[in-house]
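Please look through the sequence and the model before reading on.

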Amino acid sequence: MDRVNVAVIGLGMGRGHARLYHECPQANLVALCDVDTTRLNAVGDEFNVTHRFTSAEELFQLPGLHAVSVALPNFLHAPMTVAALKAGLHVLCEKPLAMNAGEAEAMVAAAKAANRQLMVHFNTRFSVPSMWARQMVDAGVVGPVYFGRTGYNRSRGIPGRGWFAIKAKSGGGPIIDIGVHRLDLALWLMDHPRPVTVSAATYAYLGTELAARQGFEFDVEDLAAGFIRFKNGATLTLEASWAGNTNRAHDTFTMLLGTRGGINIYRDEATSATKVSVVQEVGGSLVELSPKEQIKPPTAQAAFVRAILEGKPNPAPGEHGLAVQRILDALYRSAAEGREVPV
Ligand SMILES: NC(=O)c1ccc[n+]([C@@H]2O[C@H](COP(=O)([O-])OP(=O)(O)OC[C@H]3O[C@@H](n4cnc5c(N)ncnc54)[C@H](O)[C@@H]3O)[C@@H](O)[C@H]2O)c1
């Protein structure tokens, strides 16, 4: 096999998956699936895909299909992924991997049982700043990380459509929607230390009011903040909000302090560009390193396809999605109980 035959299920964010498979020389985008036929036909026409399905069960019968992207609302990630794996397909699943750790565990187990790839679409990793930061970690420039802060706070940015703010369909609010990317990025750059406890709080003052004003359902948090302790002694603060009275529209940050150097990845509000630097002490002075070249990393889709072709583990395995989910479950539990809880 020199190319992977792939389909995309769910064509909101899934349109982006379709485009990246379309552009990937090692992938054939052979089919699309969405219950919304307007979306299905628009994306089908855009990428010239003739096999179009409104039922995933029918899609799974397509001869020669090897893999699917699952880009559905969160409550459908687990059932659709498990069904696809059971049908013998590799799966690239959108973030969050699932609604909770229980579902994520079942997905990881299903991938193992089927001997198929399960990758999480943690695309924040597949950016120039993130990949460069990872290179610095690999080069030993940072050393063991003992403290970090990571998060994404919006001034006003509640996804006011459909299912996002309905807990039974999303699993939670901003921490499960946008916080997952920042938590995953920090864990990945810290080499996944074992989490031990979480202390957290959630709030919904603004979200409840803004949703009522705009007339959509809202029963999740609009802000969550947590403090995570790891077995190796490291700690990490995590923040995510969809709404806050702040002058920064999209405040994304991941700052990690290591014994040899510190990483700072943040969004520059003036230019909207994501910046990255590593600070180290050299000869008694603090120096700041930043990438001179912009070497474009592979897309998550290209990395997924390559892992299938090479029969090697993919770079964002289901286990990493599960690790994030266990911390998020603990975060919600801690917020509900008002105390530090084990992960
Ligand atoms: N990685 C990222 O940067 C990123 C960005 C946005 C969204 N997402 C994730 O992508 C997923 C989808 O989000 P979205 O914004 O595209 O949502 P959306 O609601 O806009 O799109 C979901 C699509 O799934 C379709 N659908 C629903 N049930 C279906 C079924 N049973 N079979 C086939 N199609 C079905 C809907 O018709 C819709 O077109 C979510 O998990 C979200 O968290 C990730």
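Tyr205 has its place in helix α10, which covers residues 205-214; helices (H or I, at least four residues) and strands (E, at least two) are DSSP runs, numbered from the N terminus. This is a predicted model, in which local features need pLDDT of at least 70 and side-chain atom pairs count only at pLDDT 80 or more, while totals for chains, interfaces and linings use all residues. Residues are numbered from 1 along each chain as its sequence is written, and side-chain values use heavy atoms, with hydrogens and water left out.

Tyr205 is exposed, with a relative accessible area of 67%. Here buried means under 20% relative accessible area, exposed over 50%, and partly exposed in between (1.4 Å probe, protein chains only). Between the C-alpha atoms of Tyr205 and Leu59 there are 43 Å, and the two residues are 146 residues apart along the chain.

Ala168 belongs to helix α7 (residues 167-170) and is exposed at 63% relative accessibility.

Thr254, by contrast, is buried, at 0% relative accessibility. This residue sits in strand β11 (residues 250-258). Its side chain makes a polar contact of 2.8 Å with the side chain of Thr150, and another of 2.9 Å joins the side chains of Thr254 and Arg182. A polar contact is a pair of N or O atoms within 3.5 Å; within protein, one must be able to donate a hydrogen and the other to accept it, and residues adjacent in sequence count only if both atoms are side-chain atoms.

## The ligand and its surroundings

Which residues come nearest to the ligand? Of the 22 residues around the ligand, these are Met13, Asp34, Arg39, Asn74 and His77; a residue is near a molecule if one of its heavy atoms lies within 4 Å of it. By class, the shell holds 9 nonpolar, 7 polar and 6 charged residues. In this scheme Ala, Val, Leu, Ile, Met, Phe, Trp, Tyr, Cys and Pro count as nonpolar, Asp, Glu, Lys and Arg as charged, and the others, Gly among them, as polar.

A nitrogen atom of the ligand is 3.1 Å from an N or O atom in the side chain of Glu94. For the side chain of Asn123, the distance from an N or O atom to a nitrogen atom of the ligand is 2.9 Å. An oxygen atom of the ligand lies 2.9 Å from a polar side-chain atom of Trp163. The protein covers 82% of the 850 Å² of accessible area that the ligand has on its own, by the Shrake-Rupley method with a 1.4 Å probe.

Domain 1 (4-122 + 299-316) and domain 2 (125-297 + 326-342) both contribute residues to the shell, so the ligand lies between them. The domain bounds come from an automatic or database domain assignment.

## Salt bridges

Side chains of opposite charge can pair when their charged atoms come close. The whole structure has 16 salt bridges, a salt bridge being a side-chain nitrogen of Lys or Arg within 4 Å of a carboxyl oxygen of Asp or Glu.

| Salt bridge | Closest N and O atoms |
|---|---|
| Arg15 and Glu46 | 2.6 Å apart |
| Lys112 and Glu319 | 3.9 Å apart |
| Glu337 and Arg339 | 2.7 Å apart |

Lys112 lies in helix α5 (residues 101-114) and Glu319 in helix α12 (residues 318-337), so this pair ties together parts that are 207 residues apart in sequence. Lys112 is exposed at 61% relative accessible area, whereas Glu319 is partly exposed at 39%.

A network of salt bridges links Arg134, Asp138 and Asp191.

## Backbone features

Asp191 also has a phi near 65°, a positive value in a residue other than glycine. The loop that holds Asp191 runs between α9 (179-189) and β8 (195-203), and Asp191 is partly exposed at 49% relative accessibility.

Ser272 likewise has a positive phi, near 65°. Ser272 is found in the loop between β12 (261-267) and β13 (274-282).

A cis peptide bond, with omega about -15°, joins Lys95 and Pro96. Pro96 is in the loop between β5 (90-94) and α5.
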